[in-house]
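Take a walk through this protein, from its overall make-up to single residues. Keep the structure open as you read.

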Amino acid sequence: MSKVQLSATQCWLALRLIPRLASNIKISLINEYSIAGIFNLTSLQLRSLGLNAKQVSAVANPNLKFIKDIERACSRHNISLVCYQDEQYPQLLKQTENPPIVLFTQGNIELLNKPQLAIVGSRDATFAAREHTRYFAAQLSSQLVITSGLALGIDTAAHRGALIANNFTIAVVGTGLDIVYPARNKTLANEILENNGCIVSENIPGSKPHPGCFPRRNRIVTGMALGVFVVEAKIKSGSLISARSALEQNREVFAMPGAINNEQSKGCHSLIKQGAILVDEVSDISNCLSLPNFTGLQQKQKKKSKKTGQNGLFIDELLSSVDYETTSVDMVVSRSQLPTEEVLTRLMTLELRGLVAAVPGGYIKLHDNNNNCHHAGT
């Protein structure tokens, strides 16, 4: 029996701190004895339940000083605890095999039980993939909370897309919430909180990043969501781990195809071969998840664009020489049969009009020849 008197929150933290005891065993103990009742069990009872000496000691003599340090750190950094039996705890995550006993949160915890789409992909994503991600996240965030991992590349683009559309996003991180990793995403983390979003971790404050924390984080990203959308990923990548986790959790898996010679697309192609839903339109996701229809906004934009075209808006025919993947200037020159100087001038004009973007190695097309916004739109 614990000799220390613990509050309810302290009981949850003490349970969280029991070393090398799986969450499913902790949950079984809660269901059998209640959270407070666990700390009234005798050492003999605990040993009879299969706990080893260190685990028995952690229950019989919780480290109250460390627990109070955690509470103070939470107070200092505006961190709230959402415990397994709290009504705010994400119900979908509860259905997974190894849900965290305690979630540390900042921001709007009401989002945790809203319908979510996890968007994941390469940290070293191509320009096109980041633009596609922003577009899809912006569009889908009117119906779903966009959930991702605050990493560079696709994660960042997913959060940004939701924020651009003035909608909600959740970031699940692999560190303590007093640490932003990577550091360059500190501004993004602040913007998520300022826009009524939420940041979530299972790690106590002060926990620094290490390789093992990210696969564990990924199971929370996918576990809270209705489905996971992989935009760009290599064959061996954390995003493929997320996809496998989603399959194990009985979630829908979506994947965006890419160029066949792009190593960053190989993981998505592999997922599609295995039965993931191929996505090249927003409706591929919204229809599969049976989401409500969009408003008429896209139709109105399309109609307006058509009218503008009838009024004589000039579309440079050079645009057809630029691909949605990186196209070198030499390739544009070869296709258009125009002098290099003229090609460069016209590409600059197209860039100023937002029809193409300069990227390392050349240009990439953002819009089609009818001036309708392509999926790579900002």
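Ala 358 stands opposite Tyr 363 of strand 11. Strand 11 covers residues 362-365, and its partner, strand 10, covers residues 356-359. The two run antiparallel and are joined by four bridges. Two residues sit between the strands of this hairpin. One feature of the hairpin is Gly 361, with a positive phi near 95°.

Now step back to the whole. This is a predicted model. The protein has 378 residues, and 50% of them are buried. Its secondary structure amounts to 17 helices and 11 strands. Of the contacts with a separation of 6 or more, 71% are between residues 24 or more positions apart. The accessible surface is about 18,700 Å². Carbon and sulfur atoms account for 50% of that surface.

Nine strands make it up, in the order 1-2-6-5-4-3-7-8-9. The sheet is open and its pairing is mixed. Which strands stand at the edges? They are strand 1 (80-83) and strand 9 (277-278). Each has a single partner strand, so one side of each has no neighbour in the sheet. The partner at one edge can be followed in detail. Strand 1 is joined to strand 2, residues 102-107, by four bridges, and the two run antiparallel. Within this pairing, Leu 81 has Phe 104 of strand 2 as its bridge partner. A helix also packs on the sheet: helix 12, residues 238-248. Helix 12 touches strand 3 (116-120), strand 7 (227-230) and strand 8 (252-255). The direction of helix 12 makes about 155° with that of strand 7.

Helix 1 comes next, at residues 8-16. Its buried residues are Gln 10, Cys 11, Trp 12, Leu 13, Ala 14 and Leu 15. What do they pack against? They meet three helices: helix 2 (23-33), helix 3 (35-38) and helix 6 (64-76). They also pack against strand 1 and strand 2, the antiparallel pair described above.

Follow the chain into the loop between helix 1 and helix 2, where Arg 20 lies. Is Arg 20 buried or exposed? Its relative accessibility is 83%, so Arg 20 counts as exposed. Its backbone also stands out: phi is near 55°, a positive value in a residue other than glycine.

Arg 20 is one of the residues touched by Gln 55, along with Ile 18, Pro 19, Leu 21 and Gly 50; this leaves out residues up to four places away in sequence. Gln 55 lies in helix 5, residues 53-60. Its relative accessibility is 5%, so Gln 55 counts as buried. Gln 55 and Leu 17 are 38 residues apart in sequence, yet their C-alpha atoms are 9.2 Å apart.

Asn 78 also has a positive phi, about 55°, although it is not a glycine. Its place is in the loop between helix 6 and strand 1. Asn 78 is exposed, with a relative accessible area of 62%. Beyond its neighbours within four places in sequence, Asn 78 is in contact with Thr 105 and Gln 106. Asn 78 and Leu 177 are 99 residues apart in sequence and 9.3 Å apart in space, C-alpha to C-alpha.

The peptide bond joining Tyr 181 and Pro 182 is cis, with omega about 0°.

Turn to the aromatic rings. How many aromatic pairs does the structure hold? There are four. One of them joins Tyr 135 and Phe 136, with ring centres 5.7 Å apart and planes at 85°, so the pair is edge-to-face. Both Tyr 135 and Phe 136 are buried.

Finish with the cysteines. Cys 11 counts as buried because its relative accessibility is 5%. Cys 268 is buried too, at 0%. How many disulfides does a search of the whole structure find? The count is zero.

Notes
Residues are numbered from 1 along each chain as its sequence is written. This is a predicted model: local features need pLDDT of at least 70, side-chain atom pairs count only at pLDDT 80 or more; totals for chains, interfaces and linings use all residues. Side-chain values use heavy atoms; hydrogens and water are left out. Two strands pair if DSSP finds at least two bridges between them. Contact means heavy atoms within 4.5 Å. Axes are lines fitted to C-alpha atoms, for helices over the stretch in contact, and angles run from 0 to 180 degrees between N-to-C directions. Buried means under 20% relative accessible area, exposed over 50%, partly exposed in between (1.4 Å probe, protein chains only). Accessible areas come from the Shrake-Rupley method with a 1.4 Å probe; for residues, only the protein chains shown count as cover. A disulfide is a pair of cysteine sulfur atoms within 2.5 Å. Rings of Phe, Tyr and Trp (its six-membered ring) pair if their centres lie within 6.5 Å; planes under 30 degrees apart count as stacked, over 60 as edge-to-face and the rest as tilted.
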